[in-house]
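Please look over the sequence and the model shown here before reading on.

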Amino acid sequence: MLDVIDLNLEFHDHLVPETVVYDFDLHMDPGQIVGLVGESGSGKSMTALAIAGLLSRHDMQKRGQILFEGTDILTCRRSELRDLQGDDIAVIFQEPMTCLNPVYRIGRQVEEALRIHRRELSKEQIRQRALQMLREVELEDAEQIYRAYPHQLSGGMRQRVMIAAAMICDPKLLIADEPTTALDVTVQAQIIKLLKKINAEKNTAILFISHDLSLVRQLCQRVVVMQGGRIVESGTVEEIYERPCQAYTQKLIAAIPRCEKRRVG
Amino acid sequence: MKKKRNLKYRIGMILTGITVLFVLLGFVWTPCDPETMDKGAKLAGVSLSHLMGCDQFGRDIFSRVLKGSGTTLLVALGTVSFGTFFGVLIGAFTGYFGGIVDEIFMRVNDVLFAFPSILLGLMFISLLGSGKYNVIIALGIAFIPSFARIVRSEFIRCKNMDYVQSARLAGARDLRIIFLHILPNTTTVLVSSIMIGFNNAVLAEAGMSYLGIGVQPPDASLGRMLSEAQTYLFSSPGYAIFPGLALILMVLGFSLLSEGLKED
């Protein structure tokens with residue numbers, strides 16, 4: 001479904017060109033959950049933005065191909081890209097606080113992709129669909145949240161709203177760019193559970209980007225480890241976590257906090 | 001839940017209300033015909049038949065103040081709408097798209113900004129000719145740069161917000177993003193600058209009419225009346241005081257209202 005081949009991203013907005021992603025390759029099948037891990041600045045978010053088709057078209061040089069069901073996201077026309085965005089490819093961001101437009105009610109924003117891509121639906125159908133999505137992301141009292149403004153919701157609720165908005169057109173690929181980083185640990189676990197449920201029920205492929213390896217382990221089937229813009233290692237979760245080959249991966253795994261009994265004596 | 005507004009807002013609202021009431025009254029009814037001259041009542045003082053006295057042609061000042069306030073308000077509203085409309089369009093597109101077009105527009109803007117708006121208004125009036133509607137266009141054009149600049153900076157601030165990215169990801173076109181997603185977020189700034197612009201427009205209209213190139217006689221306008229009253233300042237001070245008071249009331253009301261809105 002998604003094939004990224006030899007992706008190179010280079011910034012040209014400074015005097016010296018700066019490469020942020022080298023020779024990135026990725027293959028994803030429908031319904032697969034792939035984790036993309038790495039420290040800050042390793043190029044994982046840039047890769048995600050490129051796949052989502054969000055990188056600006058000037059100031060940058062992009063080589064390679066990002067094929068989504070045969071359409072090259074890097075070279076296709078803007079209108080083709082817009083048809084994919086929101087309909088087949090959806091993204092949830094890191095900061096649920098700033099992702100919602102402060103001047104609109106939640107319902108209006110959950111509906112946005114539907115209003116753009118399903119023009120044939122009536123207002124009432126759109127409304128019903130939005131309410132159903134809000135219930136599916138396990139928000140209690142969907143009616144009330146539909147009418148609320150973003151500032152009236154907590155961070156975890158907003159992230160659920162973002163997921164509802166992203167999933168409303170039943171996309172084939174959901175890119176989750178550190179969706180849990182801004183949330184506290186209990187809410188993190190709930191969001192992970194929710195993503196798992198969505199994946200199981202709707203067979204949506206998820207590209208999960210995180211620097212938290214324990215979360216990736218809970219959620220993903222395959223893992224890609226990045227460092228300094230390059231792929232260091234990739235494989236199934238078992239391979240990476242049980243038998244890491246590269247020194248960097250070993251270090252990352254060693255950095256996961258564990259609770260162990262401390263021996264006295 | 002109803003919030004209690006602050007004092008400035010309430011006083012501003014009352015003053016503006018009074019002004020609007022008088023203007024509306026002036027459109028439907030005036031105690032005397034504002035354009036009928038009465039030789040016997042030249043520069044008459046305050047009396048029951050002429051509440052604010054009469055001008056040098058014996059026309060009732062109260063009636064003329066009512067009519068004149070209407071003209072001034074109309075010109076100010078027209079100017080601000082004109083300036084806001086084009087300013088928002090230019091500011092939104094240049095701020096959102098950036099690039100070379102933005103650069104060109106903003107440099108032109110800088111040049112226009114260097115002139116006081118009255119001077120620009122004078123220039124355009126000399127091109128268009130005087131009269132009520134030309135004043136609106138001339139001042140409107142002169143007001144565009146300041147609105148364009150404010151809107152542009154708001155668009156630059158908003159266009160990289162996450163919610164704009166989300167909208168783009170939902171597949172929204174540029175126009176949809178500009179008018180549906182960003183523009184409503186600029187209203188707080190826009191409303192207060194519209195209020196300030198409105199005051200400036202009232203004063204600019206008065207100024208231009210005072211210079212004799214604004215509203216043309218026999219149309220009454222507050223600025224025109226003030227300029228005529230200047231000659232008779234010592235012999236009949238009421239002629240200058242009443243239109244002046246009306247002008248002050250109008251501007252003060254709107255200033256307080258905009259201040260009050262900003263504080264809320």
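Leaving aside residues up to four places away in sequence, Ile116(A) touches Gly86(A), Ala170(B), Gly171(B) and Ala172(B). The model in which these contacts are seen is a predicted one. Ile116(A) belongs to helix α3 of chain A, which spans residues 106–117. Is this residue buried or exposed? Ile116(A) counts as buried, because it has 20 C-beta neighbours inside 10 Å, and a residue is classed as buried at 20 or more. Another residue of chain A, Asp83(A), lies 33 residues from Ile116(A) in sequence, and the two C-alpha atoms are 9.1 Å apart in space.

The contact between the chains draws 21 residues from chain A and 15 residues from chain B. On the side of chain B that touches chain A, helix α6 (residues 162–169) of chain B provides the largest share, namely seven residues.

Within chain B, attention turns to a pair of helices. Helix α2 (residues 61–97) of chain B packs against helix α8 (residues 187–210) of chain B at an angle of about 130°, and their axes are 8 Å apart. The crossing of α2(B) and α8(B) is right-handed. The residues that make the contact are set out below by helix.

| Helix | Residues in the contact |
|---|---|
| α2(B) | Thr72(B), Val75(B), Ala76(B), Thr79(B), Val80(B), Gly83(B), Thr84(B) |
| α8(B) | Ile194(B), Gly197(B), Phe198(B), Ala201(B), Val202(B), Glu205(B), Ala206(B) |

Eight residues of this contact between α2(B) and α8(B) are nonpolar, five are polar and one is charged.

The report closes with chain A as a whole. Its secondary structure consists of ten helices and ten strands. The radius of gyration of chain A is 19 Å, close to the 18 Å that the globule rule gives for 265 residues, so chain A is as compact as a globular protein of that length. Taken along the principal axes, the C-alpha atoms of chain A fill a box of roughly 60 × 55 × 35 Å. Of the 265 residues of chain A, 42% count as buried. Among the contacts in chain A that link residues at least 6 apart in sequence, 65% join residues at least 24 apart.

Notes
Residues numbered from 1 in each chain as written. Chains lettered and ligands numbered in written order. Predicted model: local features only at pLDDT ≥ 70, side-chain atom pairs only at ≥ 80, totals over all residues. Contact = placed C-beta atoms within 7 Å. Helix = DSSP H or I, 4+ residues; strand = E, 2+ residues; numbered from the N terminus. Buried ≥ 20, exposed ≤ 12 C-beta atoms within 10 Å, placed from the backbone. Axes fitted to C-alpha atoms, helices over the stretch in contact; angles between N-to-C directions. Left-handed = near helix turned anticlockwise from the far one by under 90°. Nonpolar A, V, L, I, M, F, W, Y, C, P; charged D, E, K, R; others polar. Rg over C-alpha atoms; globule rule 2.2 N^0.38 Å.
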